[in-house]
Amino acid sequence: MRLNPYFKEEISRELKDHSILMCYQCGKCSSFCPVFNLSPEKFNPRKLIEMVYIGAEDVLKTEDIWRCTTCYECFENCPQKVNFVEIIFLLRTKATERGYAPKIPMQELVLVRKEGFSVQISPRAKKWREEVIKIGG
């Protein structure tokens with residue numbers, strides 16, 4: 001794992017409240033997280049913040065940042081009011097910019113932009129939609 005001593009500052013600077021610097025790793029974020037409570041081996045908010053804190057830029061390559069449901073339970077229960085969800089949004093943005101976003105959600109996004117749906121539309125369904133639009137419009 002490659003460490004970037006400037007990664008924590010980069011993340012902190014881009015967060016408006018700099019709250020990540022207030023985290024003292026108490027683990028309340030994890031204990032109230034519904035995803036952590038279902039599968040602690042796959043998602044741990046406290047560990048993600050720790051990775052940012054030590055400069056482990058490889059956190060952008062992990063699937064973990066995509067498992068957060070953005071329910072804000074972590075933020076609601078954090079004694080330091082570290083806004084973990086905003087950190088997740090920023091990490092996802094950086095991961096996408098650097099080409100680390102998971103392929104399937106990105107393919108679905110392209111389909112939504114192109115077709116209006118996240119799944120490939122069959123030629124039959126496409127023809128039916130065109131006929132409905134002609135009748136209605």
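**Labels and their grounds**

Guide: The side chain of Asn-44 reaches the backbone nitrogen of Arg-46 at 3.1 Å. Before we go on, note that this is a predicted model, in which local features need pLDDT of at least 70 and side-chain atom pairs count only at pLDDT 80 or more, while totals for chains, interfaces and linings use all residues. Residues are numbered from 1 along each chain as its sequence is written, and side-chain values use heavy atoms, with hydrogens and water left out.

Visitor: Where is Asn-44 placed, and why is it called buried?
Guide: Asn-44 sits in the loop between helix H3 (34-38) and H4, helices being DSSP runs of H or I with at least four residues, numbered from the N terminus. Buried means under 20% relative accessible area, exposed over 50%, and partly exposed in between, with a 1.4 Å probe and protein chains only; Asn-44 has 14%, and is therefore buried. Leaving aside neighbours within four places in sequence, Asn-44 is in contact (heavy atoms within 4.5 Å) with Ser-30 and Phe-36.

Visitor: How do you know that the buried residues of H4 line one face of the helix?
Guide: The buried residues of H4 are Pro-45, Leu-48, Ile-49, Met-51 and Val-52. Seen down the axis of H4, they fall within an arc of 155 degrees, so they line one face; the arc is that of the directions from the helix axis to the C-beta atoms. These buried residues pack against H1, H2, H3 and H6.

Visitor: Why is the pair of Arg-98 and Glu-57 called a salt bridge?
Guide: A salt bridge is a side-chain nitrogen of Lys or Arg within 4 Å of a carboxyl oxygen of Asp or Glu. The closest N and O atoms of Arg-98 and Glu-57 are 2.4 Å apart, so this pair qualifies. The pair links distant parts of the chain, with Arg-98 in the loop between helix H6 (84-97) and helix H7 (103-115) and Glu-57 in the loop between helix H4 (45-54) and helix H5 (73-77), 41 residues apart. Glu-57, at 12% relative accessibility, counts as buried, whereas Arg-98, at 33%, is partly exposed.

Visitor: How many salt bridges does the structure hold, and which residues are linked in a network?
Guide: The structure holds nine salt bridges, and the network links Arg-2, Glu-10, Glu-14, Glu-57, Lys-94 and Arg-98. Asp-58 and Lys-61 also meet in a salt bridge, at 3.8 Å from N to O, and Asp-58 is partly exposed at 24%. In the salt bridge of Asp-64 with Arg-67 the closest N and O atoms are 2.8 Å apart; Asp-64 is partly exposed at 23%, as is Arg-67 at 28%.

Visitor: What makes Met-1, Leu-3, Leu-21, Tyr-53 and Ile-54 a patch?
Guide: Patches are made of residues with over 30% relative accessible area and no salt bridge, like charges being joined within 9 Å and nonpolar side chains (Val, Leu, Ile, Met, Phe, Trp, Tyr) within 5 Å. Leu-21, in the loop between helix H1 (7-14) and helix H2 (28-32), has 41% and is partly exposed, so Leu-21 passes the 30% threshold. Together the five residues form a nonpolar surface patch with about 510 Å² of accessible area, a value from the Shrake-Rupley method with a 1.4 Å probe, in which, for residues, only the protein chains shown count as cover.

Visitor: Why is the positive phi of Gln-25 pointed out?
Guide: Most residues other than glycine have a negative phi. Gln-25, in the loop between H1 and H2, is not a glycine, yet has a positive phi of about 60 degrees. Thr-70, in the loop between H4 and H5, is likewise not a glycine and has a positive phi of about 55 degrees.

Key. Helices (H or I, at least four residues) and strands (E, at least two) are DSSP runs, numbered from the N terminus. A polar contact is a pair of N or O atoms within 3.5 Å; within protein, one must be able to donate a hydrogen and the other to accept it, and residues adjacent in sequence count only if both atoms are side-chain atoms.
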